[in-house]
Amino acid sequence: MTILGSAACPLRVAIVGSGPSGFYAAEALLQSGLNVTADIIERLPTPYGLVRYGVAPDHPKLKEVVQVFARIASHDACSFIGNTAVGRDVSMRTLGDLYHVVVVAAGASRDKRLGIPGEDLGGVHSATDFVGWYNGHPDCAHLQFDLSQETAVVIGQGNVALDICRILAKSVDELRHTDIASHALEVLASSRVRDIHLVGRRGPAQAKFSPKELRELGHLDHCSAAVDEQDLSLSAACRAELEHPHADAAAKNLQLLREFARAARAKPRHCRVRFLLTPLEIQGDTHVRRLVFGRNELHGAAFEQRARCTDERIAIDAGLVFRSVGYRSEPFDMLPFDAVRGLIPHVGGRVACEEVTAARVYVTGWIKRGPTGIIGTNRADSVASVQALLADVPFISPVSKPGASALREYLHRHGRRSTDWADWERIDSLERERGIATGRSREKLVRVDEMLEAAQRA
Ligand SMILES: Cc1cc2nc3c(=O)[nH]c(=O)nc-3n(C[C@H](O)[C@H](O)[C@H](O)COP(=O)(O)OP(=O)(O)OC[C@H]3O[C@@H](n4cnc5c(N)ncnc54)[C@H](O)[C@@H]3O)c2cc1C
Ligand SMILES: NC(=O)c1ccc[n+]([C@@H]2O[C@H](COP(=O)([O-])OP(=O)(O)OC[C@H]3O[C@@H](n4cnc5c(N)ncnc54)[C@H](OP(=O)(O)O)[C@@H]3O)[C@@H](O)[C@H]2O)c1
């Protein structure tokens with residue numbers, strides 16, 4: 001009898017998405033001991049998802065994880081099929097003919113909205129767009145950001161909001177040697193932004209920052225960080241949260257914020273961290289002029305505290321707004337989708353979708369658990385989904401499936417130019433060469449057509 005995953009019948013797995021969760025799923029499969037192929041399908045010509053297009057350019061150490069991913073990609077049983085969007089270039093149904101299993105690791109590429117009046121005025125942007133723009137994402141390279149305003153407001157108090165503040169706060173000389181997109185460097189060079197308000201709807205004990213990132217905000221060369229002392233007074237419930245043995249990060253954040261409150265405003269740029277403010281309206285004719293916030297009080301037991309708006313209103317005059325209130329996933333090619341939580345519903349990583357595709361479908365990463373967690377969080381998540389997958393292998397019909405070669409042939413037949421790992425290596429080396437020429441770690445190609453051209457270099 002043929003056994004799936006044996007020498008006679010390799011287990012063919014397609015992984016959709018080449019961010020951390022996709023690579024970690026491939027790694028777990030390749031270490032399973034089965035005869036398995038793991039083909040990573042990516043809609044862009046380039047790999048690495050948010051490690052390339054999310055992680056801040058001034059944090060190069062955090063991007064070194066790509067060396068781990070490159071080692072996974074170099075495995076004989078792992079293929080990279082780039083410039084191929086599932087749902088556009090190939091359907092889940094077709095993948096079901098070519099593979100036994102599909103693991104969806106497509107991340108969360110959209111932004112959450114505030115749902116308040118004025119959100120579509122000029123000068124109001126999503127973090128997703130701004131981050132994509134300064135990181136050279138092909139979907140965002142054409143966007144325009146007018147940094148001629150002196151005051152910017154960043155709404156949300158997570159690490160992405162801190163990234164945005166830092167990029168606005170740093171001088172262009174501090175960014176020049178990074179892999180920030182050249183078009184962004186050019187615009188940031190003439191930025192007039194001086195005052196940045198980093199606004200949260202809850203209090204200092206609930207801010208989602210990591211202390212390491214918050215500390216950095218207090219040590220910038222050209223920007224001082226400040227907090228009003230009165231914003232740091234704590235209720236009994238907040239004190240209970242901070243005294244909890246697992247509240248190490250929140251306690252460190254509070255200590256740092258107290259240091260900010262005592263620090264002098266001595267630098268040309270200034271970032272003020274503000275709490276307990278819910279944005280109610282963004283005012284202006286065609287362009288944002290002012291934001292109106294409601295002053296909040298926290299209600300509820302420790303760890304369940306929610307912001308409730310009082311009648312007090314606070315206005316901040318500003319010409320630039322970034323909402324950084326989280327990412328969200330999009331519905332994925334005919335698979336079930338939980339629009340409220342913004343993810344693919346699953347049971348232990350298994351997705352029920354027999355009517356959509358003949359393949360077994362699993363999910364991992366941000367599209368599985370929502371848009372939270374650092375790069376490393378995705379490793380355990382992918383290992384768990386792959387364990388569920390491996391437990392199901394005995395129940396998958398051991399018919400032979402063709403995998404990557406047939407998928408490439410299918411794409412070619414339908415006029416689609418896919419990229420492989422060697423193509424990415426040529427793009428990568430051209431970007432590095434261009435970087436050396438301009439004294440930078442890399443100069444990213446930001447258009448798909450120029451990436452495909454680079455992929456063809458001898
Ligand atoms: C701005 C920002 C900065 C961050 N900085 C850090 C940091 O400094 N350190 C840290 O540890 N974590 C950081 N994170 C978190 C980290 O990036 C995420 O935990 C991680 O990237 C999530 O991995 P993922 O694989 O689920 O999604 P992603 O990284 O988003 O990867 C998903 C991939 O799927 C592809 N894809 C989507 N749809 C399709 C489709 N239909 N067909 C084919 N391919 C598709 C996408 O193009 C993308 O390449 C940051 C996150 C953001 C948003
Ligand atoms: N250097 C790093 O390690 C790094 C860098 C970037 C990102 N990341 C990770 O990537 C993940 C995503 O980060 P993120 O910053 O996008 O998300 P996040 O950590 O979930 O923070 C989102 C912020 O938005 C606020 N918010 C949500 N809805 C809101 C609304 N309607 N009005 C006002 N405020 C609202 C939240 O407040 P409430 O708490 O009140 O909901 C919170 O302060 C996180 O896990 C983060 O740690 C890591």
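User: Where is V103 found?

Analyst: V103 is found in strand β4, residues 101-104. Strands (E, at least two residues) and helices (H or I, at least four) are DSSP runs numbered from the N terminus. This is a predicted model, in which local features need pLDDT of at least 70, side-chain atom pairs count only at pLDDT 80 or more, and totals for chains, interfaces and linings use all residues. Residues are numbered from 1 along each chain as its sequence is written, and side-chain values use heavy atoms, with hydrogens and water left out.

User: Is V103 buried or exposed?

Analyst: Buried means under 20% relative accessible area, exposed over 50%, and partly exposed in between, with a 1.4 Å probe and protein chains only. V103 has a relative accessible area of 1%, so V103 is buried.

User: Which residues is V103 in contact with, leaving aside its neighbours within four places in sequence?

Analyst: Contact means heavy atoms within 4.5 Å. The partners of V103 beyond those neighbours are V13, A14, I15, V16, A25, Y362, T364 and L389. As for A25, V103 lies 78 residues from it in sequence, and the two are 7.9 Å apart in space, C-alpha to C-alpha.

User: How are two packed helices described?

Analyst: By the angle between their axes and the distance between the axes. Axes are lines fitted to C-alpha atoms, for helices over the stretch in contact, and angles run from 0 to 180 degrees between N-to-C directions. Helix α5 (residues 127-134) packs with helix α6 (residues 159-169) at an angle of about 50°, and their axes are 11 Å apart. Angles under 35 degrees count as roughly parallel, over 145 as roughly antiparallel, 65 to 115 as roughly perpendicular and the rest as oblique. α5 and α6 are therefore oblique to each other. On the α5 side the contact is made by A127, F130, V131 and Y134, and on the α6 side by V160, D163, I164, I167 and L168.

User: How do the axes of α15 and α16 cross?

Analyst: The axes of α15 (residues 421-437) and α16 (residues 448-455) come within 8 Å and cross at roughly 105°. These two helices are therefore roughly perpendicular to each other. D423, R426, I427 and L430 of α15 meet M451, A454 and A455 of α16.

User: Which residues touch the most other members of the largest nonpolar core?

Analyst: Nonpolar side chains tend to be buried together in soluble globular proteins. A nonpolar core is a set of buried Ala, Val, Leu, Ile, Met, Phe, Trp, Tyr and Cys residues joined through side-chain atoms within 4.5 Å. The largest core here has 52 residues, and F130, L198, L217 and V273 touch the most other members. Its largest share, 7 residues, comes from α6.

Terms used. Chains are lettered from A and ligands numbered from 1 in the order in which they are written.
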